Amino acid sequence: MQDLGASINMIFVTAKAWFLSLLGLFLPDWVIVLASIVVSGVVILCLGPVIMMYLTLLERKLIGRIQNRYGPNRVGIWGLLQPIADGIKMFTKEDIIPANADKIVHLLAPIVTVVPALMIFVVVPFGTQMTAVNLNIGLLYFIAVSSITILPIFMGSWASRNKYSLLGGMRTAAQMISYEIPMTLAVVPAIMMSQSLSTNTIVLSQAGSHGLNWFIFTPWGIVGFIVFFLCATAECNRPPFDLPEAESELVAGFHTEYSGMKFALFYMAEYMNAFTLCALAATLFLGGWQGPFLPSWVWFFGKTFILICVMIWFRGTFPRFRVDHLMAFAWKFLLPLTLINILITALCYFASPLVGWLLSLGILAVSFSILVKLNRTFVPEKRDYLFAD
Amino acid sequence: MTFGMGVLKGMIVTLKNFVTSYFCKRNEGGIFTIQYPEEREKTAENFRNFPFLVHDGSLEKIRCVACGICERECPTKCIHVEMATDAFGKPARKPAVFDIDYGLCMNCGMCEEVCPFDSIFMDHAFEVSAAERQVNLIRHKADLAKPNSYFQKERPTLAAIIDQKRKAADEKKKAATQPATPQEPK
């Protein structure tokens, strides 16, 4: 029974090893090393777009249900072929480039967007020994690569020569740079506690006795997770932080002037970013692939899926932020909260569990209420006009 | 500590909608979509869309007498009627040609109102899309004529009134042609 569980747990790893040993029968060693890289690469390159396609379907289905209607259910059973139909539509659409656009940058932007979105997959730990590259600076790599996403979006918006695009691009730059800071700081407690930047080691340090010693079960873990998740939602421009592509204000923001496959690439990057950010949130705070009974990759994909559903739930619920509220939320609320969170983490590290819990809960409650008070918008007293009817 | 409670409240509302969409009926918070080709909403009885001609049994017994009032009254001029002639070249009080251009008709129902012979009425059919406007959307007499039973099925209230009226008129006519008391032979 235990053997079966272990073999299901390692099924993808064993499959890859078996394939490589098969190649080893008639190929030299250095080709096998290359083949190993190619296998992982191909799997990731296929996984990204497929995940994106079905995320769009999932999102449309869930949003539909939230708004009391069926989502797409015509193409194939339960609409399962809808993403493929959409893909065919995107491929066959006319590619329009504005007359005054910067043609090279306009072409480059969608291609460049997809690259960092795919690159992040490299450090995502999908299961036991299922990290494509076990970088010892995995988290730093993730933060560095995910912040590149600003650049292509701004490239696209600038090159389109459209005022809506440009406004969208400006907003993106402001928003993403602002939210990068609390996101990075929210990650710091996880690094402090696991004493490693490698995603794999962070997951391993959350093992405990039944694989349930997740960081979210600590006071700093809860705060860190919430802040990280909010920032992740803002980072991949999903509602309610979708100011860069606010369709009611900016037509479609930075991708107003894109059509056909170029638009699809932007879309793809957005959904792949949503997936990887949810995956990282699960890795850092929800114990990654740790969990009892089920195979590791089931745990990992389950947690990620739930986080994505929460993102979609956000989209179905909240109206868009106003620009100044958005910035104020990042700088005046999340940033101080993350700094306090780092302090709490240090307390928890050095104090005994009970003292740590009590102290951190106290500090959190006090600082939270102070932050809320400080962030309250100034509402002037209502004025009575004596001589007006 | 009410900070953030509004956010949670909103999320509970959408979650409730999500759950009820699976378990509740249309008017109790469930999904209200009607999956058109398979499901159909019941059309109201007085819903009117495109005119048709009523006949009593067969195409020969069509009620229309080709008076042409509808043709004249039609605001969009989509009706075209020609009277048939019998073997002697006399008008036969029957339409030889009765065409309606559905591409032009605007469903106003004037023809129904002006018809003195209870012959033209508005139908419930709304799925009249066609590939060729000049070919498929011009309906001829054979397409337009539908039996009285169809009329009774689609618009029962109006059909009952009309039938009663016609029956009464028939009886009156019979009474007028036949003497009230049969005369004794001399």
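## Chain B: sheet and overall form

In chain B, 3 strands make up an open sheet, ordered β2-β3-β5, with antiparallel pairing. The edges of this sheet are β2 (79-85) and β5 (138-139) of chain B; each has a single partner strand, so one side of each lacks a neighbour in the sheet. The model described here is predicted.

Strands of a sheet pair through backbone hydrogen bonds, in either a parallel or an antiparallel sense. Between β2(B) and strand β3 (residues 91-101) of chain B, the pairing is antiparallel and runs over 6 bridges. As one point of reference, B:Val81 has B:Phe98 as its bridge partner in β3(B).

Along the sequence, chain B reads α-β-α-β-β-α-β-α-β-α-β-α-α. Chain B has a radius of gyration of 26 Å, whereas the globule rule gives 16 Å for 186 residues; the value is well over the rule, so the chain is more spread out than a compact globule. The C-alpha trace spans about 110 × 50 × 25 Å along the principal axes of chain B.

| Property of chain B | Value |
|---|---|
| Radius of gyration | 26 Å |
| Span of the C-alpha trace along the principal axes | about 110 × 50 × 25 Å |
| Buried residues | 18% of the 186 residues |
| Contacts between residues 24 or more positions apart | 66% of the contacts with a separation of 6 or more |

Conventions
Residues numbered from 1 in each chain as written. Chains lettered and ligands numbered in written order. Predicted model: local features only at pLDDT ≥ 70, side-chain atom pairs only at ≥ 80, totals over all residues. Pairing = 2+ DSSP bridges. Helix = DSSP H or I, 4+ residues; strand = E, 2+ residues; numbered from the N terminus. Rg over C-alpha atoms; globule rule 2.2 N^0.38 Å. Buried ≥ 20, exposed ≤ 12 C-beta atoms within 10 Å, placed from the backbone. Contact = placed C-beta atoms within 7 Å.
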